2 protein chains.
Amino acid sequence: MTDALNERSLIERFFKDCGARRSDVALGVGDDAALIDVPPGMQLVAKTDTLVSGVHFLPHFPAASIGHRALAVNLSDVAAMGAEPAWALLALTLPKVDAAWLAEFAAGLGALARKHNVALVGGDTTGGPLCITVQVLGYAPRPPVMLRSGGKPGDVLFVSGTPGDAGAGLAVEQGQLPNATSAAANYLRQRFLFPTPRVELGQRLRDFASACIDVSDGLLGDATKLADASGCGVVIEHEKLPISPHLTSTVGDTRAREIALTGGDDYELCFAVSPSNVEKLQRALPPAQWGYSPIGVLRAERGGAVTRNGTVMHFSHSGFDHFAR
Amino acid sequence: MTDALNERSLIERFFKDCGARRSDVALGVGDDAALIDVPPGMQLVAKTDTLVSGVHFLPHFPAASIGHRALAVNLSDVAAMGAEPAWALLALTLPKVDAAWLAEFAAGLGALARKHNVALVGGDTTGGPLCITVQVLGYAPRPPVMLRSGGKPGDVLFVSGTPGDAGAGLAVEQGQLPNATSAAANYLRQRFLFPTPRVELGQRLRDFASACIDVSDGLLGDATKLADASGCGVVIEHEKLPISPHLTSTVGDTRAREIALTGGDDYELCFAVSPSNVEKLQRALPPAQWGYSPIGVLRAERGGAVTRNGTVMHFSHSGFDHFAR
């Protein structure tokens with residue numbers, strides 16, 4: 001059927017060399033499919049995620065951010081498996097060919113790809129509503145050690161970074177937090193537009209964590225998913241949540257902690273560590289240097305709960321509709 | 001951002017078990033990413049392709065066909081590498097949750113996946129304009145032997161199946177060929193709605209073909225791409241084109257050959273075989289049984305040409321805009 005945008009030249013022009021060069025790519029962009037040498041003894045890790053205009057971003061958002069995020073959301077999932085990302089494929093549906101937009105999109109995606117030594121090995125462009133699907137392939141040693149399901153009651157739960165910043169950054173980007181200082185607005189906006197997938201932390205956690213999940217839909221909801229998969233529940237201590245000073249100064253402490261629990265788009269790692277491993281973890285990966293904090297524990301009783309000074313808080317924990325209310 | 005459709009439950013409900021079961025899938029749908037054991041010594045093959053509503057299909061087309069085609073277009077590319085497909089990921093953007101549509105879509109995709117022993121190992125559903133991206137992973141022995149670039153002047157060019165049927169089938173589906181008999185209309189329509197990726201043929205061709213390409217954008221255009229990649233040109237003999245009786249009876253011989261050269265959506269294989277291998281090929285894979293035909297040769301002079309009784313025909317060889325004129 002008619003599809004003027006289905007041109008290999010677009011992929012070759014904008015994306016062929018935008019990622020890392022890797023000697024294990026036997027055949028990249030340009031043939032019917034890519035050929036890759038997976039390192040011997042390693043298990044292949046595969047993940048795909050889509051960003052849709054109007055749902056995950058608005059069309060006027062910076063193209064470099066859209067490119068960055070399309071890759072970052074997948075890298076974050078690969079990081080949560082403790083895996084090393086290595087190769088990516090891009091399926092890009094575009095309403096029109098806008099060379100300036102494409103160049104900026106490719107620059108954003110390419111910079112993050114090169115930072116993590118990820119080669120772009122294939123792609124497809126199509127005409128249609130703006131929609132981006134990236135697949136990331138990587139590898140990890142066998143057997144897998146850091147699934148969602150490996151947690152046990154008593155394990156200490158940690159989160160990387162300062163969740164909530166990205167959710168507030170989206171509100172800034174949409175003009176919903178006009179009282180933020182310019183320093184806070186810039187910081188929060190950057191955390192939404194250019195999230196940091198915790199790729200190296202994920203790999204280092206293999207030696208210590210019993211379970212791990214990527215925080216993309218809200219910390220409380222995602223921590224509860226990890227607990228569910230592990231056949232247990234989770235308690236998060238409200239006062240332990242790591243909140244950035246810029247988030248607190250912009251929305252106040254109470255609201256900041258609410259956003260940290262329920263805001264989406266963080267792309268941080270939430271992971272469980274058995275009590276006997278906590279000291280080893282903190283010695284090998286100093287928390288201040290690696291940027292992670294204890295926030296609660298897994299417990300036998302199912303479900304997710306938040307306590308404040310030891311009392312359970314009543315809390316609507318939808319991870320999705322925060323700014324849509 | 002708000003995305004009520006981004007629910008793992010949709011993938012788990014409709015797609016988790018729709019493909020083949022494979023013992024090399026260490027972890028399928030349900031965690032942050034899939035874990036796969038690629039057979040030792042094999043090279044990984046990866047391909048992604050997108051179908052967009054209004055571009056590659058119309059929303060009222062049968063959902064089973066849309067699911068079938070979303071996988072078939074990728075299997076065809078993997079077949080053109082002589083590879084064995086094994087695993088797939090699905091990124092599905094949906095305007096709404098329509099359980100009947102999803103069940104039919106999954107049935108179409110799942111039937112083709114099981115036929116080729118492909119496991120669905122991951123997926124993502126998102127709210128937005130209808131758009132489907134499938135990624136197929138597979139493997140092939142090293143070194144790769146059947147790239148687009150391996151052809152040489154003098155190689156005999158073959159095509160599988162009867163190209164043009166799918167292009168005419170689309171016209172039938174759109175009500176543009178009202179004079180077709182119902183038998184012809186049904187046949188042509190099926191060739192568009194449920195194309196047959198030549199997966200087994202592709203793997204068997206590894207021992208004989210010097211180059212191969214998936215015919216998706218029109219035979220003449222795709223054969224010329226193969227020739228270009230091989231640093232040579234191609235001549236196709238008009239009278240040798242394999243045309244289905246239903247296509248000829250519907251549009252006449254002249255138009256049938258034109259559609260065979262320029263219609264899209266065939267998902268056949270076009271491949272080059274050195275003269276010294278042609279007899280071996282035809283003995284090992286009898287053409288009548290395997291359904292392929294010689295249609296021309298590669299030559300040193302660049303570009304693509306069609307000859308009729310030895311005379312070059314003048315021909316607009318766009319592979320895209322056939323039914324859009």
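How many salt bridges does the structure hold over all chains? The structure holds 34. A salt bridge here is a side-chain nitrogen of Lys or Arg within 4 Å of a carboxyl oxygen of Asp or Glu. Side chains of opposite charge can pair when their charged atoms come close.

This is a predicted model, in which local features need pLDDT of at least 70, side-chain atom pairs count only at pLDDT 80 or more, and totals for chains, interfaces and linings use all residues. Residues are numbered from 1 along each chain as its sequence is written, chains are lettered from A and ligands numbered from 1 in the order in which they are written, and side-chain values use heavy atoms, without hydrogens and water.

Strands (E, at least two residues) and helices (H or I, at least four) are DSSP runs, numbered from the N terminus. Two strands pair if DSSP finds at least two bridges between them. Strands of a sheet pair through backbone hydrogen bonds, either parallel or antiparallel.

Angles run from 0 to 180 degrees between N-to-C directions, with axes fitted to C-alpha atoms, for helices over the stretch in contact. E4(A), residues 84-94, runs parallel to E5(A), joined by eight bridges. There, Ala91(A) stands opposite Asp124(A).

Contact means heavy atoms within 4.5 Å.

Now look at the interface. Here 61 residues of chain A are in contact with 61 residues of chain B. The buried area is about 5300 Å², and carbon and sulfur atoms give 55% of it. Buried area is the accessible area (1.4 Å probe) that two parts lose on being put together, summed over both.

Across this interface the rule finds six salt bridges. One joins Arg142(A) to Asp37(B), with the closest N and O atoms 2.4 Å apart. Asp31(A) also forms a salt bridge with Arg148(B), at 3.7 Å between the closest N and O atoms. Asp31(A) lies in the loop between E1 and E2 of chain A, and Arg148(B) in the loop between E6 and E7 of chain B, so the pair joins two chains. Strands cross over too: E2(A) and E3(B) run antiparallel over three bridges. In that pairing, Ile36(A) stands opposite Leu44(B).

Finally, turn to chain B. An open sheet of seven strands has the order E8-E10-E7-E11-E9-E12-E13, again with mixed pairing. E8(B) and E13(B) stand at the edges with a single partner strand each, so one side of each is left without a neighbour in the sheet. E12(B), residues 303-308, pairs with E13(B) in the antiparallel sense over two bridges. Arg308(B) stands opposite Thr311(B). Helix H2(B) packs on the sheet, touching E8 and E10 of chain B, at about 170° to E8(B). Helix H7(B), residues 219-229, runs at about 145° to E8(B).
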